[in-house]
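Subject: Structure handover

Hello,

Here is the structure I said I would pass on. My notes on what was found in it follow below.

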Amino acid sequence: MRKILIVGAGQSGLHLALGLQRHGYDVTVVSARTADEIEQGNVMSTQFQFDSTLRFERDLGIYFWDGKAPYTPNTRFMLGVGGPTPVVEWGSPLKKPGADVDQRVKMSHWLRLFEENGGDLVIQKATVSDVDKWSGGYDLVVVAAGRGQLAEIFERDAARSPFTEPQRMLSVVYVNGYQPDPAGPGDHSVDFHLLPERGEMIVMPALTVSGPCHILFFEAIPGGALDVFGDVSSPKQHLERFVDLLEQHVPWAREQYEKLELTDPGGTLRGGFTPTVRRPVATLPSGGQVLGIGDVVVANDPITGQGSNMAAKSAAVYLDSILDHGDRPFDGAFMERAFERFWTLHGRATTEWTNMMLSPPPPHVLEILGAASQFTAIANRYIEAFDDPNDFDEWFMDSAKAAAYLAEIVGAAAGSAR
């Protein structure tokens, strides 16, 4: 039986661990915290997932929140430039709904399940020297701890990493009391508010430790009008400042946030990181090689809601690569191939699109987003591409392709009107 060590107990690491267990591998997971500590701690992310990555979990039998987590079949997009109402507003349904399960809920459950299935769980904040010491006892070591000393042993890939500093500062609140817009599609909608020269504000239904809730978060341009959480000293103050910003910058949603309260004392998060792609293989001091997964090797900004989706996709691709590899050695060449398979299938398109959305939007992007309010086909295609960002290559990323697509849509509409 092949032995695999996974260092890190987040979305990618535990997804891969449970998948390998199901296929008979001897798996050890190293987690910095126990399941109880995860469950009782602070929120870690926003973690919305689209249908395709929920399906990965359902296929493995590790998605336990059908009927518990709010389904989200609808999306809305609003562009506000400082007035009392958005200057652009449109909505689109998802073909199949997504869902958001607080990682405190999901990871604590998965960690307990891993142990119940006979997995070897080590509770320790692992260092490079620890991993180096352990590595000789395993056929493959996968590093899924996305920050800190372990992540830093993976070299930054400059050709795939255009940024050298954070492009957004994130401020998150998990709340009860958020009211659906009576003019909108109801409670189960992801709302995206684009606030030019300031950043973005996003709302999504979720399941947290206390039950259904809403997650609201600002993506603030560093140093801008929304980047004002640096001196916040308590969850209560965090929520109060968040509501003040809503009043100033999202006044059209005023009735929706008048009664907000935090779900629990751990229901806030703030900070920022530099979007980075790292090389997938790192060499330990003793010469052994380890494989990075998830945001160890591809860490994108949350602006496009791809973090947990990318982690799940990387786990699914790595699982298939390991199974396909059979009894052959897990050498550096295997590790490079597994990552490049993921990068080709999912990573490149998602990363390039997310990086574009962090920059001031080029004219053709503004034209597309504006046209989506007039043409349902554009709105639907834009939203569906969140589940498979490869489609953006065909009509969104390039100005010439965008112009051709818009001309096609406008021409079809004119033809049907005759």
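To begin with a charged pair: Glu57 and Lys106 form a salt bridge, and their closest N and O atoms are 3.0 Å apart. Please keep in mind throughout that this is a predicted model. The pair joins distant parts of the chain, with Glu57 in helix 3 (residues 51-60) and Lys106 in helix 4 (residues 103-116), 49 residues apart. Both Glu57 and Lys106 are buried.

Other salt bridges

The count of salt bridges comes to 22. Another of them is between the side chains of Glu155 and Arg279, at 3.7 Å from N to O. Glu155 sits in the loop between helix 6 (149-152) and strand 8 (169-176), and Arg279 in the loop between strand 14 (276-277) and strand 15 (281-283), so this bridge ties together parts that are 124 residues apart in sequence. Arg279 counts as partly exposed because its relative accessibility is 37%.

Asp157 and Arg160 also form a salt bridge, with 3.9 Å between the closest N and O atoms. Asp157 has a relative accessible area of 8% and is therefore buried. Arg160, with a relative accessible area of 24%, is partly exposed. Salt bridges also link Asp51, Arg55, Arg58 and Asp66 in a network.

Helix packing around helix 8

Helix 8 packs against helix 1, helix 3 and helix 9.

Helix 8 (residues 307-325) and helix 9 (residues 332-358) have axes that come within 9 Å and cross at roughly 150°. The two helices are therefore roughly antiparallel to each other, the cut-off for that term being an angle over 145 degrees. Their crossing is right-handed. On the helix 8 side, the contact is made by Met310, Lys313, Ser314, Val317, Tyr318, Asp320, Ser321, Ile322, Asp324 and His325. On the helix 9 side, the contact residues are Phe334, Arg337, Ala338, Phe339, Arg341, Phe342, Leu345, His346, Gly347, Thr350 and Thr351. Sorted by class, this contact has nine nonpolar, seven polar and five charged residues.

The axes of helix 3 and helix 8 also come within 9 Å, and they cross at roughly 45°. That angle makes helix 3 oblique to helix 8. The crossing of helix 3 and helix 8 is left-handed. Helix 3 contributes Ser52, Thr53, Phe56 and Leu60 to the contact, and helix 8 contributes Asn309, Ala312, Lys313, Ala316 and Leu319. By class there are five nonpolar, three polar and one charged residues in the contact of helix 3 with helix 8.

Helix 1 (residues 11-22) packs on helix 8 at an angle of about 30°, and the axes are 8 Å apart. The crossing of helix 1 and helix 8 is right-handed. Here Gln11, Ser12, His15, Leu16, Gly19 and Leu20 of helix 1 meet Ser308, Ala311, Ala312, Ser314, Ala315, Ala316, Tyr318, Leu319 and Ile322 of helix 8. This contact has nine nonpolar, six polar and no charged residues.

Individual residues

Gln103 is in helix 4 and counts as buried, at 12% relative accessibility. Leaving aside residues up to four places away in sequence, Gln103 touches Gln11, Ile38, Met44, Ser45, Gln47, Ser108 and Ser308.

Gln47, one of those contacts, lies in the loop between helix 2 (35-39) and strand 3 (48-49). Gln47 has a phi near 50°, a positive value in a residue other than glycine. With a relative accessibility of 5%, Gln47 counts as buried.

Glu197 is not a glycine either, and has a positive phi of about 70°. Glu197 is found in the loop between strand 9 (189-195) and strand 10 (199-208). Its relative accessible area is 74%, so Glu197 is exposed.

Lastly, Glu240 is in helix 7 (residues 235-249) and counts as partly exposed, at 39% relative accessibility. Glu240 and Met357 are 117 residues apart in sequence, and their C-alpha atoms are 28 Å apart in space.

Regards

How values were computed. Residues are numbered from 1 along each chain as its sequence is written. This is a predicted model: local features need pLDDT of at least 70, side-chain atom pairs count only at pLDDT 80 or more; totals for chains, interfaces and linings use all residues. Side-chain values use heavy atoms; hydrogens and water are left out. Axes are lines fitted to C-alpha atoms, for helices over the stretch in contact, and angles run from 0 to 180 degrees between N-to-C directions. Helices (H or I, at least four residues) and strands (E, at least two) are DSSP runs, numbered from the N terminus. Angles under 35 degrees count as roughly parallel, over 145 as roughly antiparallel, 65 to 115 as roughly perpendicular and the rest as oblique. A crossing is left-handed if the near helix is turned anticlockwise from the far one by less than a right angle, and right-handed if clockwise. Contact means heavy atoms within 4.5 Å. Ala, Val, Leu, Ile, Met, Phe, Trp, Tyr, Cys and Pro count as nonpolar, Asp, Glu, Lys and Arg as charged, and the others, Gly among them, as polar. A salt bridge is a side-chain nitrogen of Lys or Arg within 4 Å of a carboxyl oxygen of Asp or Glu. Buried means under 20% relative accessible area, exposed over 50%, partly exposed in between (1.4 Å probe, protein chains only).
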